[in-house]
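Please read it alongside the sequence and the coordinates.

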Amino acid sequence: MMRISGFLGIMVFSAAAFAAPVRFDVETGNGLHVLRPGEEEKLCLSAANDDAVERKGAIGYLVTDADGEVVFNETVPVELPANGVTRIALPKPEKFGPYYLRCQFEGEGGDLRKQPPLRFAYLEPAGPTPGRSEGFIFGISAHYDYPEYTRRERELMTQAAAWCGGKVVRTDARWALLQPSAGVWRFDYFDE
């Protein structure tokens, strides 16, 4: 018979759960993050609280233009509902161009990690243009067949091409998608 001896320890362990970071997004009324003239009231910062408890604090945000000039800088008190989203209206930019939005939640369960800036553009899209093009046709080359693109991402790429005035989108034709096996042809992916 083998005899084993050792120590038995009893310990009280306590840990604090870290709150999930507040998720920020900039909303413009479309998935491209383009703010169009006449739709300025749609520009807002959304702050999502994925925790099961309400969080109180302040959201500080800084908006800069393409030259790095501060356009607006503000801190607003907020109460983020549990598992909810709070939207903060942002002022209309004074001129067309790209903008960068940096934001941070400070308060209960605040996340002090540096987050990448959000981006949006304020502009009048060049398209879509009506009717057929005569003569030169402006087109866009895209790679829709990459398997990591979702249907929604492909739709946004098509919308972006149209807003640039593009009439044609050229894409790759990956043979394995067209003919997945001998004698089997699939065009549905490209017919979307």
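In this predicted model, Trp185 has a relative accessible area of 46% and is therefore partly exposed, since that value falls between the 20% and 50% cut-offs. Trp185 also belongs to one aromatic cluster, together with Trp175 and Phe187.

**Aromatic pairs**

- Four aromatic pairs are found when the whole structure is searched.
- In one of them, the ring centres of Tyr99 and Phe120 are 5.4 Å apart and the planes meet at 20°, so this pair is stacked.
- That pair connects distant parts of the chain, with Tyr99 in strand β7 and Phe120 in strand β8 (residues 118-122), 21 residues apart.
- Tyr99 is buried at a relative accessible area of 2%, and Phe120 is likewise buried, at 3%.
- The rings of Trp175 and Trp185 have centres 5.6 Å apart and planes at 80°, so their arrangement is edge-to-face.
- Because Trp175 sits in helix α2 (residues 175-178) and Trp185 in the loop between α2 and α3 (188-191), this pair ties together parts ten residues apart in sequence.
- Trp175 counts as exposed, with a relative accessibility of 53%.

**Strand pairing**

- Five strands form an open sheet with mixed pairing, in the order β2-β8-β7-β4-β5.
- The edges are β2 (34-35) and β5 (70-80), each with a single partner strand, so one side of each has no neighbour in the sheet.
- Within this sheet, β4 (residues 55-65) and β7 (residues 97-107) run antiparallel and are joined by nine bridges, with Ala58 opposite Glu106 in β7.
- Strand β1 (residues 23-27) is antiparallel to β3 (residues 44-49) and joined to it by five bridges, with Arg23 opposite Ala48 in β3.
- On β1, Phe24 and Val26 make up the covered face, whereas Arg23, Asp25 and Glu27 make up the uncovered one.

Key:
Residues are numbered from 1 along each chain as its sequence is written. This is a predicted model: local features need pLDDT of at least 70, side-chain atom pairs count only at pLDDT 80 or more; totals for chains, interfaces and linings use all residues. Side-chain values use heavy atoms; hydrogens and water are left out. Two strands pair if DSSP finds at least two bridges between them. Helices (H or I, at least four residues) and strands (E, at least two) are DSSP runs, numbered from the N terminus. Buried means under 20% relative accessible area, exposed over 50%, partly exposed in between (1.4 Å probe, protein chains only). Rings of Phe, Tyr and Trp (its six-membered ring) pair if their centres lie within 6.5 Å; planes under 30 degrees apart count as stacked, over 60 as edge-to-face and the rest as tilted.
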